[in-house]
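Please look through the notes below with the model open beside you. They cover a metal site and then a helix contact.

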Amino acid sequence: MALDECLACGGGHLKEVADLGESPVLTGALFDDRATARAAACGQMLLGACVECGHVQNLAFDPDRVQYDVTYDNSLHFSGTFQQYAEELAAHLVDDLGVRGKRVVEIGSGKGDFLRSIAALGGNTGTGYDPTVETSTDIPGVRLVRDYFRPDDQAEPYDLLVCRHVLEHLDDPASLLRNLSASAPPGALHYFEVPAAEFNFGPDGLWDCIYPHVSYFSRGSLAALIGRCGFEITDIRPAFHGQFIAVEARAGNDAAAVRAGSETILDLVERFAERHERAVRRWRAEVARLRADGAFVAVWGAGSKGVNFLNAVDPTGRVPAVDINPRKWGRFLPWGGHQVIGPMDLVGRSPAQIIVTNPVYTDEIRRTVQGLGVAAEMAIA
Ligand SMILES: [Zn+2]
């Protein structure tokens, strides 16, 4: 698939909007030592926007550079805030859409956290496909397959197909969606979720452009993609505080596939590059100032936003990232080689400032920090 074509609507008029330089190809990767982390592979981030549907994609993306394997850990389920959102979504599918005693297939299931919720809430059975997953699981009713889901006539039948945070990683999402709609069991429901470009490029988003994401979908571009691939969209809405877009669809013809709203997103994206550069300059100066005073500074969150922020503002890799996921503790983040520490490690170190890269988690982080008896100023990046 040539990246000079819009991955969402198929249009051929893409406009270069931001050159974000080099970025680690796998922001979710963790390394056992600093030297290996600092040698992590990087790729070019050159964003282009489709003037027809407002879709944004990395024109320099090379799919061969992104190999997902079991060292990839992007689970957000250690956060109570995120877990609550996932539970509410599972409850919506079970209670409002009648997914009870049904067969659920999830593409990109990770370690099966979402399948666990929907299996428990609705007495459903689930199969999760993910090339990064260990297949042994003790989740009742759930089976994990370490592979990609390949939709065709032989594929596992389902009543609900869940595909969260996958489409933005694919260099040809239309191909997967066309195969899905062509082989979908009659009446089966499909739930798609992606990060929202409206948030990523909006006033509260700065650190969300990462190499594994070839696409940045807005509501208009996601509807254009799903609608042209043989699906009828029954609902499309913002989710998770506007940070995601959720779509429910069934195989069918979508006569009303939306092609609206591209002006707003194009406007946001065009201002993004300058805003990003200003923020990087400001934070570099702030972190350097605090560290020159001998203060201890930490960034909260070793997820993609944290990695992105740290690599941009602290390229020497001296500021640690605090994360509540114990699997990450003591390990190192790609490119900058920033070390991941646990919240407990803040005790006794009197941080002057804790920088929060996702404002949605601020209350949760504040409670955790206060619970540890650590007094630190919280700053939102
Ligand atoms: Zn387009």
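Which residues coordinate the zinc ion?

1. The model is a predicted one. In it, the zinc ion is held by the SG atoms of Cys6, Cys9, Cys50 and Cys53, at 2.3 Å. Along the chain, these donors follow the spacing C-x2-C-x40-C-x2-C.

2. The site of the zinc ion is tetrahedral, with angles of 105 to 115° among its four donor atoms. The cut-off matters here: four donors count as tetrahedral if all angles lie between 85 and 135 degrees.

3. Cysteine 9 and cysteine 53 link distant parts of the chain, being 44 residues apart. Cysteine 9 lies in the segment before strand S1 (14–24), while cysteine 53 is in the loop between strand S2 (42–50) and strand S3 (56–58).

4. Are these two cysteines buried or exposed? Cysteine 9 has a relative accessible area of 8%, so it is buried. Cysteine 53 has 3% relative accessibility and therefore also counts as buried. The limit for buried is under 20% relative accessible area.

5. Turn next to the helices. Helix H7 (residues 262–292) packs with helix H8 (residues 304–313) at an angle of about 75°, and their axes are 9 Å apart. Because of that angle, H7 is roughly perpendicular to H8; the range for this term is 65 to 115 degrees.

6. Which residues meet in this contact? From H7 come Val280, Trp283, Arg284 and Val287, and from H8 come Phe309, Ala312 and Val313. By class, the contact of H7 with H8 has six nonpolar residues, one charged residue and no polar ones.

Key. Residues are numbered from 1 along each chain as its sequence is written. This is a predicted model: local features need pLDDT of at least 70, side-chain atom pairs count only at pLDDT 80 or more; totals for chains, interfaces and linings use all residues. Side-chain values use heavy atoms; hydrogens and water are left out. Donors are N, O and S atoms within 2.8 Å of the metal (3.2 Å for Na, K and Ca); water is not among the atoms, so sites may look incomplete. Four donors count as tetrahedral if all angles lie between 85 and 135 degrees; four count as square planar and six as octahedral if opposite donors are over 155 degrees apart and all others between 65 and 115; anything else is irregular. Helices (H or I, at least four residues) and strands (E, at least two) are DSSP runs, numbered from the N terminus. Buried means under 20% relative accessible area, exposed over 50%, partly exposed in between (1.4 Å probe, protein chains only). Axes are lines fitted to C-alpha atoms, for helices over the stretch in contact, and angles run from 0 to 180 degrees between N-to-C directions. Angles under 35 degrees count as roughly parallel, over 145 as roughly antiparallel, 65 to 115 as roughly perpendicular and the rest as oblique. Contact means heavy atoms within 4.5 Å. Ala, Val, Leu, Ile, Met, Phe, Trp, Tyr, Cys and Pro count as nonpolar, Asp, Glu, Lys and Arg as charged, and the others, Gly among them, as polar.
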